[in-house]
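Open the model in your viewer and keep the selection tool at hand. The tour goes from the whole chain to single residues.

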Amino acid sequence: MTPLRRHRALTRIWASDPGWKGWFTTVNHTDLGRMFMFTAMIFFVVGGILAMLIRAQLATPRSAFMGPEVYAQVFTMHGTIMMFLFAIPLIEGIAIYLLPKMLGARDLAFPRLTAFGYWCYVFGGSMLLFAMLTGLAPDSGWFLYPPLSSTLGSPGINSDFWLIGITFVEISAICAAVEITVTILRFRAPGMSLDKMPIFAWYMLVVALMILTGFPPLILGSVLLELERAFGWPFFQVAEGGDSLLWQHLFWLFGHPEVYIIFLPAAGIISTVLPVMARTTLMGYGWVVAAAVALGVLSFGIWVHHMFTTGIPHMALAFFSAASTLVAVPTAVQIFAWIGTIWKGKPQLKLPMLWILAFFATFVIGGLTGVMLAVVPFNWQAHDTHFVVAHLHYVLIGGFVFPVLAGLYYWLPHLTGRRRFFRLGEPAFWLVFVGFHVTFLAMHWVGLLGQRRRTFTYEHGQGWEAINLISSIGGFITAIGFALVLIDIAINALVTLRGRRNPWGAGTLEWAMPKPVPAYNFASLPPVRGREPLYDDPGLDLRIARGEGYLGDPGDGRRKTLVVDIASGRPEQVVVFPSNTALPIVMALVTGVAFLGVLIKAFWLVPLAVLGVAALAFRWVWSLGTRTDEGLLDAGHGLSLPLASASTRPPGWWGTAFLLVANATFFASLLFGYAFLWTVAPNWPPPAYLEPGLAGPALGLAGIVLAPLGLRLAERLLRAGHAMTPGLAIALTGAAATASAGVLAVLASADPQGHAYDAIVRVIAGYVLIHVVLAAAMSVYLAARRSAGFVSPDRYGEVRIVRLWTDYAAITALLGLAALHLPGALT
């Protein structure tokens, strides 16, 4: 088969639907990555306009440009958009677009999950934009602290828009994190062991795991605050046993790791682009990987860095202050590795390199002011001043936006298939760089002089007038520069000439494919021997096109790629991907109906939407797998491999495992909140603890034992060629017993509006109930799959997935029911 015929055959198999329909049915990672990035840029423009409104208001004292109510909505929406709707989704878009290409795969692990995540992001973000346009935007700050955001401080629907919209968007982030983690670990080119992975993949693996463990605390906080606002359950009301500090703990358990979730992908871009600009390889690859992992771990230990003024004990102040300064060490390791890379190479001062140099100058200043804020006495003085605002922007714009712009210009030939001709990027760079430093150096200064953040005006004679005017002028110069950047990218994407395949002379696999990028990425999957495959084998791109790699035969017309061993990169399985479908957007819409029902207090919509989601989920998973045992498939190079559905741990098992990591973090945060209220909140103990009795614990223990044992028996019977019915019946009996224990706990919490204890008992019991019911539904589904022929003695991976979920439900039921019953038993 000639390369052209192979290209046409693979394009027919992998291409998205033609015309406008393709935008709604595509599951291709290239399309979805571009859609993520484009949508994030739209939100960036909106957030930038809001920033200019803020600077216009603060340019002069006693300004009448905006009143306090509008100003509160504007600065809240500016922070919310930039943090939740621009930064994280842009990272996701870049990773979704690049990772399969860098890793030598044809798509991400779960293409439909990527599409579902995108539409959740669009619908959640649209809710917030609608709120802003109708004057109903949240106005309690992007961190939404109670009681400002509770019904006491915000009785309208404003805060509900934030809680519902952001939770919807965070579903998208969790989907992307599961997708990225499984893809990096299992969907790589043959021979690409962990130590041969592109450095950007290492950074994104750390970031994805951080999202899975960092976002659930905020999701929990949003759920609890919405329950308080909708039903009066007083999690954050001191008089009824709640504590508003619980929100701060949950928020910053997410909020501080998020800073590194934003920074680390940018650092990965630098570690990828800088060696190419310096015409060398990255110095200290292993050290850089270790530093990224260390930053990810340390970021979860310093959330109290944001709470030094809340009256926490001095011992805790000392610990978190020391931990906050410790993050400078792995950051410095990366900085010195990058400087060493420049030193050993021959740098070219191309436009991506200019943005990287701007990063160095800006991020180092932001890091130093961060160390200053880690010192408790200084933090007490600078807290809630414009000094903190300036520090945040130095870290996020200098440490994220500048490297991302370096990456966008570096990969622009890849994204567009065209080379740059118009040169607006260079003057735009200087406008942004100079304007940014004028804006935020002045903001540091006025913060040190005492100007408070989040205040809509200030008086004459305080010495802030000239500084604020200079800062506002710098802000508008920066905005003009960013506008020129967007215009430059758009013009060069649309009207310039076709470019070379590898214009930078890079060594990573994304430059081995033709431009424009084909829907299938690689005509055959390339064997990899080193970290820079195109340096190791300059003719690799031609051999890929000729079908000399793996899976080079379009064959049966299915979308196929390889699954490899995690450590060695040895090919293990062949995966068949689903085709184009509108199912993700429909499922996102129905999910949105559930959120909308909560938002407008039409609670009858919620169960209807949940049933709709369940039906769509059933349709989603039913279309997977095969009814026949296909045996071994020819993967090329004399290698025959089984389908992933015939393995003990198919990709769905790995996806479920990492989804449960996020789920377990949510549950751990819930138990943390319970313990926090119990030990710290005023007005505890409650009037009465849950009466343990015998029925609840006995039913719970019986169910916790029976459900996992039943699934194990079902698997054993299946593999022996027998019916699974006895095992599944035992599992369902165990699920019913555990659910009964949860119902008894719910009924025993008499007054969830009267005390936070009863409210949190209902939440924990509800969590147990939901997971047990889902485990039971999965067992019923498994029986249907066996009856339809999708599960057999050789294809029992789905049993392992249900078993994994059931084990998790049993463990959380044990911990949850113990947490509910032990206080009453001990007292």
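Predicted model: local features only at pLDDT ≥ 70, side-chain atom pairs only at ≥ 80, totals over all residues.

Residues are numbered from 1 along each chain as its sequence is written, and side-chain values use heavy atoms, with hydrogens and water left out.

**Whole chain**

Start with the protein chain in cartoon view: there are 25 helices and 4 strands. These are DSSP runs numbered from the N terminus, helices being H or I of at least four residues and strands E of at least two. The C-alpha trace spans about 85 × 80 × 45 Å along its principal axes. Of the 827 residues, 60% count as buried. Switch to a surface: the accessible area is about 30,700 Å², and carbon and sulfur atoms account for 71% of that. Areas come from the Shrake-Rupley method with a 1.4 Å probe; for residues, only the protein chains shown count as cover.

Select Arg62, in the loop between α3 (29-58) and α4. Arg62 has a positive phi of about 55 degrees although it is not a glycine. Is this residue buried or exposed? Arg62 counts as exposed, at 52% relative accessibility.

Move to Ala72 in helix α4 (residues 68-103). Ala72 is buried, its relative accessible area being 13%. Leaving aside residues up to four places away in sequence, Ala72 touches Pro138 and Asp139; contact means heavy atoms within 4.5 Å.

**Two cis peptide bonds**

Select Pro146 and Pro147, which are joined by a cis peptide bond with omega about 5 degrees. Pro147 is in the loop between α5 (111-133) and α6 (158-186).

Then go to Trp684 and Pro685, where the peptide bond is cis with omega near 5 degrees. Pro685 lies in the loop between α21 (651-679) and α22. Asn683 is also placed in the loop between α21 and α22. Asn683, not a glycine, has a positive phi near 60 degrees, and is partly exposed at a relative accessible area of 43%.

**Salt bridges**

The structure holds 20 salt bridges, each a side-chain nitrogen of Lys or Arg within 4 Å of a carboxyl oxygen of Asp or Glu.

Show the side chains of Asp384 and Arg454, which form a salt bridge at 2.7 Å, N to O. Asp384 is in the loop between α13 (376-382) and α14 (386-416) and Arg454 in the loop between α15 (425-448) and α16 (465-494), so the pair ties together parts 70 residues apart in sequence. Arg454 is partly exposed, at 29%.

Next, select Asp556 and Lys560, a salt bridge whose closest N and O atoms are 3.6 Å apart. Lys560 counts as buried at 12% relative accessibility, and Asp556 as partly exposed at 45%.

Glu715 and Arg803 form another salt bridge, at 2.8 Å, N to O. Glu715 is in helix α22 (residues 695-719) and Arg803 in helix α25 (residues 797-826), 88 residues apart. Glu715 counts as buried, at 5% relative accessibility.

Finish with Asp160, Glu226, Arg229 and Lys601, which are linked in a network of salt bridges.

Conventions: Buried < 20%, exposed > 50% of the residue type's maximum accessible area, 1.4 Å probe, protein only.
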